[in-house]
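Q: Please take a close look at one helix packing in this model. Then place it within the rest of the structure.

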Amino acid sequence: MVEEEGRIASNCNEVFVWPHCDLTFINSLSARKSYFLPMDRSDVMRGAKAIITEVGELVGFTGRFFREAFRSRFEWRELVRQCYLNGYRSLPLVAITAFIMGLVLTVQSRPTLARFGAETMLPAMVAISVVREIAPVITALICAGKIGSSIGAELGSMKVTEQIDAMEVSGTNPFKFLVVTRIWSTILMLPLLVILADAIAIWACFIGVNMKGAVTWQLFQQQVFDSLVFSDVLPALIKSIFFGLAIGVVGCYKGYNTEKGTEGVGRSAHSAVVVASLVIFILDLVAVQVTEIMGLN
Amino acid sequence: MAGAIDSKMRPTVGVEREVVIRLRDLRKAFGTNKVLKGFDLDVHRGENVMVLGKSGSGKSVLIKCIVGLLRPDQGQVMVLGQDVYALGQDDLDHLRVRIGFLFQSSALYDSMTVRENLEFPLRRHWFAQSAEERDALVKEALENVGLEHTADLYPSELSGGMRRRIGLARTLILKPEIVLYDEPTTGLDPITGKEIVELILRLQKKYGTSSVIISHDLNVAKLAANRIAVLMDGRNYVEGSYDELRSMQDPVVQQFFIFM
């Protein structure tokens with residue numbers, strides 16, 4: 001295997017290494033073959049150690065946020081500015097996505113429901129799907145892309161241009177000014193964006209239902225609200241608070257610990273999105289299990 | 001005079017004055033790369049000390065150790081009579097208000113206007129201050145550096161020299177007792193560089209600050225430094241005035257004067 005690896009490597013034209021995946025991809029034009037080769041065991045161990053270290057640091061960073069978040073001398077002006085940037089400025093993207101999501105879900109679900117003669121269940125089905133799962137997760141993923149990357153890039157750029165050091169030497173706590181305000185803003189804004197996404201997606205559902213039928217707004221509303229119960233709405237909103245926390249913490253952690261100049265800024269922005277998205281899915285899975293155990297599903 | 005100097009052999013100039021910065025046996029390594037290997041330095045009140053060294057010799061590491069941005073592996077950093085690394089965070093923040101730091105890149109906050117950059121430290125340290133008092137201090141700081149018209153501009157709208165001046169105005173707005181300059185003229189043309197040095201000297205005279213200037217630029221040394229410490233191989237290799245160093249026959253010292 002070692003010899004084969006050596007031969008392939010010597011004839012190869014392209015070699016790509018993904019240390020985090022423990023894989024090396026070799027595209028050999030002369031052999032007209034492509035290979036994925038696993039790294040040796042020490043690389044795997046090193047990768048595992050790096051992941052465990054990063055998770056530990058992320059948990060420590062979250063702990064520091066909670067310690068600083070309730071200490072006096074709060075940066076209210078900066079919090080309002082961050083809520084405007086992370087909440088208000090995300091409205092158009094969230095609104096458009098929610099509208100398309102509600103409309104597409106309605107149009108695509110209709111044939112299946114019609115086959116079982118349950119077309120009248122369409123508003124209820126879409127409303128429950130949107131409120132319980134789709135709106136919180138899709139909104140969180142959009143915000144992970146938009147807000148997470150912008151926080152990662154902004155703090156990363158401040159780090160490499162010594163702006164964070166400048167705050168520290170002026171006797172100001174940069175963590176409190178930069179990190180605490182940003183994380184609070186994502187925690188506060190995510191549930192609001194999710195509520196907005198719920199409303200717009202349900203309104204889009206009304207349009208979708210009326211594309212091939214005639215349902216009045218009053219009847220549609222009645223069908224939607226009769227189907228929704230408290231245990232549909234509350235877990236989804238609680239979940240979105242944790243999604244907001246994850247987006248803020250990951251974005252700030254990646255940006256605040258940026259190294260290696262402008263290249264590092266790009267890497268921070270990119271990894272903030274990847275890690276935040278992954279954490280959102282993990283939290284979603286945990287939330288489903290918790291609501292199942294509590295008998296809320 | 002050539003060769004590494006012992007603390008006891010350090011020139012007695014200014015001994016009678018208060019020592020505002022005292023560095024003893026400062027050591028710092030990054031992995032296997034030993035940057036500082038026992039650096040000693042005293043800075044007296046009202047004095048301009050320049051640390052001269054080649055690129056990558058550890059000058060910026062040294063200045064960051066003084067202000068608590070980098071923790072040395074060993075050694076003592078006393079600033080204004082306080083051991084920087086024995087202080088708690090709140091005490092360190094109070095001490096930092098008495099120290100100004102001009103970064104090489106100016107480090108102006110991109111998302112804030114010039115006025116907001118100058119107000120940033122004021123809002124956080126002089127809580128009782130009214131808006132009128134803040135405006136007056138901002139106006140005074142901008143007048144000091146001759147850039148009154150830039151208050152509402154963003155850092156991205158300023159030239160390199162203007163950014164350095166605004167950085168200096170922000171550094172001095174809390175009236176620090178000590179100012180640390182990290183490569184104040186690097187990246188500037190000689191004319192702007194000279195203007196910055198003249199500005200530093202004028203403001204130092206006005207506010208009576210003590211300074212540590214980190215640079216490899218001998219023009220800065222000639223114009224601004226009362227005393228020069230040569231940082232070589234992680235140690236304080238030699239100290240003296242510009243003229244004393246200029247007249248030394250030591251090849252290590254002479255290499256700095258090669259283009260003079």
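**A helix pair in chain A**

A: α5(A) and α7(A) cross in the right-handed sense. The model is predicted. Two numbers give the geometry of such a pair: the angle between the axes and the distance between them. Here the angle is about 145°, and the axes lie 7 Å apart. Helix α5 of chain A covers residues 122-160, and helix α7 of chain A covers residues 174-211. What is the make-up of the residues in this contact, by nonpolar, polar and charged? The contact of α5(A) with α7(A) has 22 nonpolar residues. Two polar and two charged residues complete the contact.

Next, the core. The largest nonpolar core has 129 residues. α7(A) supplies its largest share, 18 residues. Among the residues with the most contacts inside this core are A201(A) and A276(A). Chain B is represented too: M50(B), I66(B), L180(B) and V212(B) belong to that list.

Chain A has ten helices and three strands. Read from the N terminus, the elements of chain A run α-β-β-β-α-α-α-α-α-α-α-α-α. The chain has 297 residues, and 35% of them are buried. Consider the contacts of chain A with a separation of 6 or more: 77% of these join residues 24 or more positions apart.

How do the chains meet? Ten residues of chain A contact 14 residues of chain B. On the chain A side, two of the residues that touch chain B are nonpolar, five are polar and three are charged.

Chain B has an open sheet of four strands, ordered β2-β1-β4-β5. The pairing is antiparallel. β2 (33-44) and β5 (82-83) of chain B are the edge strands, each with a single partner, so one side of each has no neighbour in the sheet. Strand β1 of chain B, residues 19-30, pairs with β2(B) over nine bridges. In that pairing, A29(B) stands opposite K34(B) of β2(B).

Last, helix α3 of chain B, residues 114-125. Its buried residues are V114(B), N117(B), L118(B), E119(B), F120(B) and P121(B). These buried residues of α3(B) pack against α4 (131-144) and α5 (160-172) of chain B.

Notes
Residues are numbered from 1 along each chain as its sequence is written. Chains are lettered from A and ligands numbered from 1 in the order in which they are written. This is a predicted model: local features need pLDDT of at least 70, side-chain atom pairs count only at pLDDT 80 or more; totals for chains, interfaces and linings use all residues. A residue is buried if 20 or more other C-beta atoms lie within 10 Å of its own, exposed if 12 or fewer, and partly exposed in between; C-beta atoms are placed from the backbone. Helices (H or I, at least four residues) and strands (E, at least two) are DSSP runs, numbered from the N terminus. Two residues are in contact if their C-beta atoms, placed from the backbone, lie within 7 Å. Ala, Val, Leu, Ile, Met, Phe, Trp, Tyr, Cys and Pro count as nonpolar, Asp, Glu, Lys and Arg as charged, and the others, Gly among them, as polar. Axes are lines fitted to C-alpha atoms, for helices over the stretch in contact, and angles run from 0 to 180 degrees between N-to-C directions. A crossing is left-handed if the near helix is turned anticlockwise from the far one by less than a right angle, and right-handed if clockwise. Two strands pair if DSSP finds at least two bridges between them. A nonpolar core is a set of buried Ala, Val, Leu, Ile, Met, Phe, Trp, Tyr and Cys residues joined through C-beta atoms within 7 Å.
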